[in-house]
Amino acid sequence: MQSNYPEVLQVNDVQQILGIGRRQAYELVNSGKFHVVRVGKSIRIHRDVFLRWLQG
């Protein structure tokens, strides 16, 4: 499962993985539930961090 995704996810990757809308994806990444990195206006999430959160 992990190798199917890039090492660094973007918000649209999170949206596709979870099958949620764009607004919901942005609300999730801005919720503080997992570490995100902001590069200018872009938001990046390390795949392993996201998957650990997803697996609980």
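## Salt bridges

The structure holds two salt bridges; the model described here is a predicted one. Side chains of opposite charge can pair when their charged atoms come close. One of the bridges joins the side chains of Glu27 and Arg23, with a distance of 3.2 Å from N to O. Both of these residues belong to helix α2, where Glu27 and Arg23 stand four residues apart, about one turn of the helix. Arg23 counts as exposed because its relative accessibility is 61%, while Glu27, at 47%, counts as partly exposed.

A salt bridge also joins the side chains of Arg47 and Asp48, at 3.6 Å from N to O. Arg47 is buried, with a relative accessible area of 15%. Asp48 has a relative accessible area of 27% and is therefore partly exposed.

## Helix α3

Arg47 is also one of the buried residues of helix α3, together with Phe50 and Leu51. Viewed down the helix axis, these buried residues fall within an arc of 95 degrees, so they line one face of α3. The elements against which they pack are β1 (8-10), α1 and β3.

After α3 comes Gly56, a residue with a positive phi, near 85 degrees.

## Helix α1

In helix α1, the buried residues are Val11, Asp13 and Val14. They cover an arc of only 155 degrees around the axis, so they lie on the same side of α1. The cover over the buried residues of α1 includes β1, α2, β3 and α3.

Leaving aside residues up to four places away in sequence, Val11 touches Ala25, Tyr26, Val29 and Ile43. Helix α1 is followed by Gly19, whose phi is positive, near 70 degrees.

In soluble globular proteins, nonpolar side chains tend to be buried together. In this model, the largest nonpolar core has 12 residues: Leu9, Val11, Val14, Ala25, Leu28, Val29, Phe34, Val36, Ile43, Ile45, Phe50 and Leu51. The elements that contribute two or more residues to this core are α1 (11-18), α2 (22-29), β3 (42-46) and α3 (47-55). The largest share, three residues, comes from α2.

## Aromatic rings

A pair of aromatic rings is described by the distance of the centres and the angle of the planes. A search of the whole structure finds three aromatic pairs. One of them is formed by Phe34 and Phe50 in an edge-to-face arrangement, with 5.6 Å from centre to centre and 80 degrees between the planes. This pair links distant parts of the chain: Phe34 is in the loop between α2 and β2 (37-39), Phe50 is in helix α3, and the two are 16 residues apart. Both Phe34 and Phe50 are buried.

Phe50 also pairs with Trp53; this pair is tilted, with 5.6 Å from centre to centre and 35 degrees between the planes. Phe50 and Trp53 both lie in helix α3, three residues apart, about one turn of the helix. Phe50 is buried, with a relative accessible area of 0%, whereas Trp53, at 29% relative accessibility, counts as partly exposed. Through ring pairs, Phe34, Phe50 and Trp53 are linked into a cluster.

## Ser31 in the loop between α2 and β2

Ser31 is found in the loop between α2 and β2. With a relative accessible area of 36%, Ser31 is partly exposed. A polar atom of the Ser31 side chain lies 2.6 Å from the backbone oxygen of Leu28. The Ser31 side chain also reaches the backbone nitrogen of Lys33, at 3.3 Å.

The position of Ser31 can also be stated relative to Leu51. These two residues are 20 residues apart in sequence, and their C-alpha atoms are 16 Å apart in space.

Terms used. Residues numbered from 1 in each chain as written. Heavy atoms only, no water. Core = buried A, V, L, I, M, F, W, Y, C linked by side-chain atoms within 4.5 Å. Buried < 20%, exposed > 50% of the residue type's maximum accessible area, 1.4 Å probe, protein only. Contact = heavy atoms within 4.5 Å. Salt bridge = Lys/Arg side-chain N within 4 Å of Asp/Glu carboxyl O. Arc of directions from axis to C-beta. Phe/Tyr/Trp six-rings, centres within 6.5 Å; stacked < 30°, edge-to-face > 60°. Polar contact = N/O pair within 3.5 Å; in protein donor to acceptor, adjacent residues only side chain to side chain.
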